Amino acid sequence: MEQKRILIVDDEQDLCDILLFNLRAAGYGAEAVRSAEAAMQLGAEGYSLLLLDVMLPGMSGHELARRLKADRRTRHIPIIFLTARDTEEDTLQGFGLGADDYVTKPFSVREVMARVRAVLGRTTGSGSRQLAYEGLRIDTDSKVVVVDGDTASLTRTEYDLLRLLLEHRGQMFSRQQLIESVWPQDVIVTERTVDVNIARLRKKLNSYAACIVSRIGFGYSFEPKPHE
């Protein structure tokens, strides 16, 4: 099995050393840099996951994430933000940039390791097949989503939400059911997090955004386009 490579971008040397030790002990290939500029120079293309501090000297972690998500070579790489800023606004900004998870400092190493395993384990390998509705297609092997001929840049959480809803077209899922189906059990997720991810997903589906229907008090479902 190919070794997963993880890049830590954090200016706290002691924290980097602790994370490097534990990640390598768990079998991951881990490296660390102290700034966003160093991460850009190193290149993120070959990594399976980034552990990214928000408050960095020079370029911020948010700006680095924005640049990585804008680049087709790196936009698929999952990002876990590490930060001492824990306001709802900060969290929503991180998720809005495409973060797959958000861990607030100070944290336990066990928590970070659990989040790493959860994010890396979210993709499923159930064999190649196509899920489709009109011009919206999902290749379940390559995990590629195509919207009217263009590849959509989805985070793994957004992909898993879309796949679940499209696979069970017409079925209403409560927020709690989505949490239990998409997020791993060892990660704490609020219903607000579900709403934020659904909102992000809708923006990326263009004309199919209206297919993800919300009903107050019930949840979300994938429905055919409303005809004018």
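Colleague: What does the secondary structure of the protein chain come to?
Modeller: This is a predicted model, and its protein chain has eight helices and 11 strands. Of the 228 residues in the chain, 49% are buried. Taking contacts between residues at least 6 apart in sequence, 57% join residues at least 24 apart.

Colleague: Let's take a single residue. Why is Leu82 called buried?
Modeller: Buried means a relative accessible area under 20%. Leu82 has 0%, so Leu82 counts as buried. You will find Leu82 in strand 4, which covers residues 79–83.

Colleague: Which residues is Leu82 in contact with, leaving aside its neighbours within four places in sequence?
Modeller: There are several, including Asp10, Leu19, Leu51, Leu52 and Val54. Val103, Lys105 and Phe107 are also among them. As for Met55, 27 residues from Leu82 along the chain, the two C-alpha atoms are 8.8 Å apart.

Colleague: And Ala152: what makes Ala152 count as buried?
Modeller: The cut-off is again under 20%. Ala152 has a relative accessibility of 14%, and therefore counts as buried. Ala152 sits in strand 9, residues 150–152.

Colleague: What does Ala152 touch, not counting residues up to four places away in sequence?
Modeller: Ala152 touches Val145, Val147 and Lys204. Lys204 is 52 residues from Ala152 in sequence, yet their C-alpha atoms are 6.5 Å apart in space.

Colleague: On to the helices. How do you know that the span of helix 6 agrees with its 12 residues?
Modeller: Helix 6 runs over residues 156–167, and at 1.5 Å a residue it should span 16 Å. Its end C-alpha atoms are 16 Å apart, so the two values agree.

Colleague: Why are helix 6 and helix 8 called roughly perpendicular?
Modeller: The axes of helix 6 and helix 8 (residues 191–204) cross at roughly 80° and come within 10 Å. Angles of 65 to 115 degrees count as roughly perpendicular, and this pair is therefore given that description. On the helix 6 side, Thr157, Glu158, Leu161, Leu162 and Leu165 meet Asn197, Ile198, Arg200, Leu201 and Lys204 in helix 8. By class, that contact has five nonpolar, two polar and three charged residues.

Colleague: Where does helix 6 meet helix 7?
Modeller: Thr157, Asp160, Leu161, Leu164 and Leu165 in helix 6 meet Leu178, Ser181 and Val182 in helix 7. This contact has five nonpolar, two polar and one charged residues. Helix 7 covers residues 175–182, and the two helices pack at an angle of about 115°, with axes 10 Å apart. Their crossing is right-handed.

Colleague: One more pair: what is the angle at which helix 1 and helix 5 pack?
Modeller: Helix 1 (residues 13–25) and helix 5 (residues 109–120) pack at about 55°, with 11 Å between their axes. That makes helix 1 oblique to helix 5, because roughly parallel needs an angle under 35 degrees and roughly perpendicular takes 65 to 115. This crossing is right-handed.

Colleague: Which residues make the contact of helix 1 and helix 5?
Modeller: Helix 1 brings Ile18, Leu19, Asn22 and Leu23, while helix 5 brings Val109, Val112, Met113 and Val116. They divide into seven nonpolar, one polar and no charged residues.

Definitions and conventions
Residues numbered from 1 in each chain as written. Predicted model: local features only at pLDDT ≥ 70, side-chain atom pairs only at ≥ 80, totals over all residues. Heavy atoms only, no water. Helix = DSSP H or I, 4+ residues; strand = E, 2+ residues; numbered from the N terminus. Expected span 1.5 Å × (residues − 1). Axes fitted to C-alpha atoms, helices over the stretch in contact; angles between N-to-C directions. Left-handed = near helix turned anticlockwise from the far one by under 90°. Contact = heavy atoms within 4.5 Å. Nonpolar A, V, L, I, M, F, W, Y, C, P; charged D, E, K, R; others polar. Parallel < 35°, antiparallel > 145°, perpendicular 65-115°, else oblique. Buried < 20%, exposed > 50% of the residue type's maximum accessible area, 1.4 Å probe, protein only.
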